[in-house]
Amino acid sequence: IILRSINSGDAGTSGMLVFSSGSTSSGNSGAIILGSGTATSGRSGMVLLTVGSGTSGAGGSLQGFAGRSTVNTGGAISVASGEGTVTSSGMIILRSINSGDAGTSGMLVFSSGSTSSGNS
């Protein structure tokens with residue numbers, strides 16, 4: 001299945017794709033799950049999120065945010081490498097790519113939020 005917006009003309013922008021679960025006034029809202037299938041003889045599929053390149057202005061961003069709660073704990077973000085049941089588990093690589101001649105490479109920022117009581 002291929003879902004995509006069509007290319008724009010010379011003076012336009014291509015369309016936007018929005019995948020969203022509905023909201024609710026009572027109960028839990030729906031989930032969105034992206035995944036590849038399991039393979040019994042071979043490699044499982046890959047899930048790849050990319051942001052396209054541009055020739056004018058800053059590059060696009062790839063952002064992920066966990067949910068906010070006004071009455072309980074906010075949502076978590078979890079990143080884990082794949083388990084290797086016979087050999088090694090997979091790697092996790094976080095990196096900033098090299099800059100051009102007239103710039104600096106991007107920062108890596110690891111930050112914990114503030115709190116008015118207890119440990120941050």
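Is valine 47 buried, partly exposed or exposed, and what is its relative accessibility? In this predicted model, valine 47 has a relative accessibility of 48% and therefore counts as partly exposed, since that class ends where values go over 50%. Val47 also belongs to the lining of the largest pocket and to a nonpolar patch on the surface, and both are described below.

**Largest pocket**
- The volume of the largest pocket comes to about 1,200 Å³, and among its 24 lining residues, those closest to the centre are Val47, Leu48, Leu49, Thr50 and Leu62.
- Sorted by class, the lining of this pocket consists of 17 nonpolar and seven polar residues, with no charged residues.

**Nonpolar surface patch**
- A nonpolar patch on the surface is formed by Ile1, Leu3, Leu17, Phe19, Ile32, Leu34, Val47, Leu49, Val51 and Leu62, which together have about 1,100 Å² of accessible area.

**Threonine 73**
- Threonine 73 has a relative accessible area of 67%, and because the exposed class covers values over 50%, this residue is exposed.
- The side chain of threonine 73 is joined to that of asparagine 72 by a polar contact of 3.5 Å.
- Between threonine 73 and serine 53 there is a separation of 20 residues in sequence, while their C-alpha atoms are 36 Å apart in space.

Terms used: Residues are numbered from 1 along each chain as its sequence is written. This is a predicted model: local features need pLDDT of at least 70, side-chain atom pairs count only at pLDDT 80 or more; totals for chains, interfaces and linings use all residues. Side-chain values use heavy atoms; hydrogens and water are left out. On a 1 Å grid over the protein atoms alone, a cavity is a set of points where a 1.4 Å probe fits but cannot get out, and a pocket is an open set with protein on both sides within 12 Å along at least five of seven lines; lining residues have an atom within 4 Å of a point. Grid points are joined across faces, edges and corners, and a volume is the space filled by probe spheres set on the points. Ala, Val, Leu, Ile, Met, Phe, Trp, Tyr, Cys and Pro count as nonpolar, Asp, Glu, Lys and Arg as charged, and the others, Gly among them, as polar. Patches are made of residues with over 30% relative accessible area and no salt bridge: like charges are joined within 9 Å, nonpolar side chains (Val, Leu, Ile, Met, Phe, Trp, Tyr) within 5 Å. Accessible areas come from the Shrake-Rupley method with a 1.4 Å probe; for residues, only the protein chains shown count as cover. A salt bridge is a side-chain nitrogen of Lys or Arg within 4 Å of a carboxyl oxygen of Asp or Glu. Buried means under 20% relative accessible area, exposed over 50%, partly exposed in between (1.4 Å probe, protein chains only). A polar contact is a pair of N or O atoms within 3.5 Å; within protein, one must be able to donate a hydrogen and the other to accept it, and residues adjacent in sequence count only if both atoms are side-chain atoms.
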